[in-house]
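Take a look at the structure first, then read on.

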Amino acid sequence: MDFNQLRRIVEQQQLIPVGVLSSSEQQQGAAREAGLALIKSGKPPLDDKGGDKQADKKRKAPVAQSDACAQVIRQNVRSGQQVYAKGGDLVVMGSVSPGAEILADGNIHIYGALRGRALAGAAGDTAAMIFCHNLQAELIAVAGNFRLSDDIHQRYLKQRVAVHLSDGKMLIDL
């Protein structure tokens, strides 16, 4: 599947492509190259033939990315831009504009306003977190669990927050 072409078609319809759900390893690689997040469904992953890849195996626990280097962006991330920190954390020393997207396999730190989309734990790290100084996001996601702007309670908007998972549920702390 050509995820770059699919992404262009979806964006032409004024929709925001977020990620790929329940895909094979080959599709996951293609999705990552197209800048799409991998969203976990709670079902076992599929092999390249659509079968249950880990039917006889115990699922591995996610590994925190504490040893990985952080990618640091020392400016604002503008509308239409996408930044992906593969294998580690992402630090944005400015703001993330509406229509911009930042992804990291580890944590995301934003020392400005988050008005676009932020996806932490893009490779499935459920211990990943999003930290920002001013939450106004279009979308926030941790390890495939996401909330759209309409689903973020008013009390968290324009506040300094930490977003994380607890027992599979997304929590926002002030």
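Before we start, a handy term: two residues are in contact when they have heavy atoms within 4.5 Å of each other. Keep in mind that this is a predicted model. The protein chain has 2 helices and 13 strands, and buried residues make up 39% of its 174 residues.

**Who touches whom**
- Let's start with Leu135, which touches Leu114, Ile140, Ile152, Tyr156, Leu157, Lys158, Gln159 and Val161, leaving aside residues up to four places away in sequence.
- There's also a second, separate core of 6 residues, including Ala31, Ala34, Leu36 and Leu38.
- Back in the largest nonpolar core, there are 30 residues, and the ones that touch the most other members are Leu90, Ile102, Ile108, Leu114, Leu135 and Ile140.
- Looking at contacts between residues at least 6 apart in sequence, 23% join residues at least 24 apart.

**The sheet**
- An open sheet is built from 6 strands in the order S3-S5-S7-S9-S12-S13, with mixed pairing.
- At the edges sit S3 (71-73) and S13 (169-173), each pairing on one side only.
- On average, neighbouring strands in this sheet are turned by 20° against each other, ignoring direction.
- In general, strands of a sheet pair through backbone hydrogen bonds, either parallel or antiparallel.
- S12 (residues 161-166) and S13 run antiparallel and are joined by 5 bridges.

Notes:
Residues are numbered from 1 along each chain as its sequence is written. This is a predicted model: local features need pLDDT of at least 70, side-chain atom pairs count only at pLDDT 80 or more; totals for chains, interfaces and linings use all residues. Side-chain values use heavy atoms; hydrogens and water are left out. Helices (H or I, at least four residues) and strands (E, at least two) are DSSP runs, numbered from the N terminus. Buried means under 20% relative accessible area, exposed over 50%, partly exposed in between (1.4 Å probe, protein chains only). A nonpolar core is a set of buried Ala, Val, Leu, Ile, Met, Phe, Trp, Tyr and Cys residues joined through side-chain atoms within 4.5 Å. Two strands pair if DSSP finds at least two bridges between them. Axes are lines fitted to C-alpha atoms, for helices over the stretch in contact, and angles run from 0 to 180 degrees between N-to-C directions.
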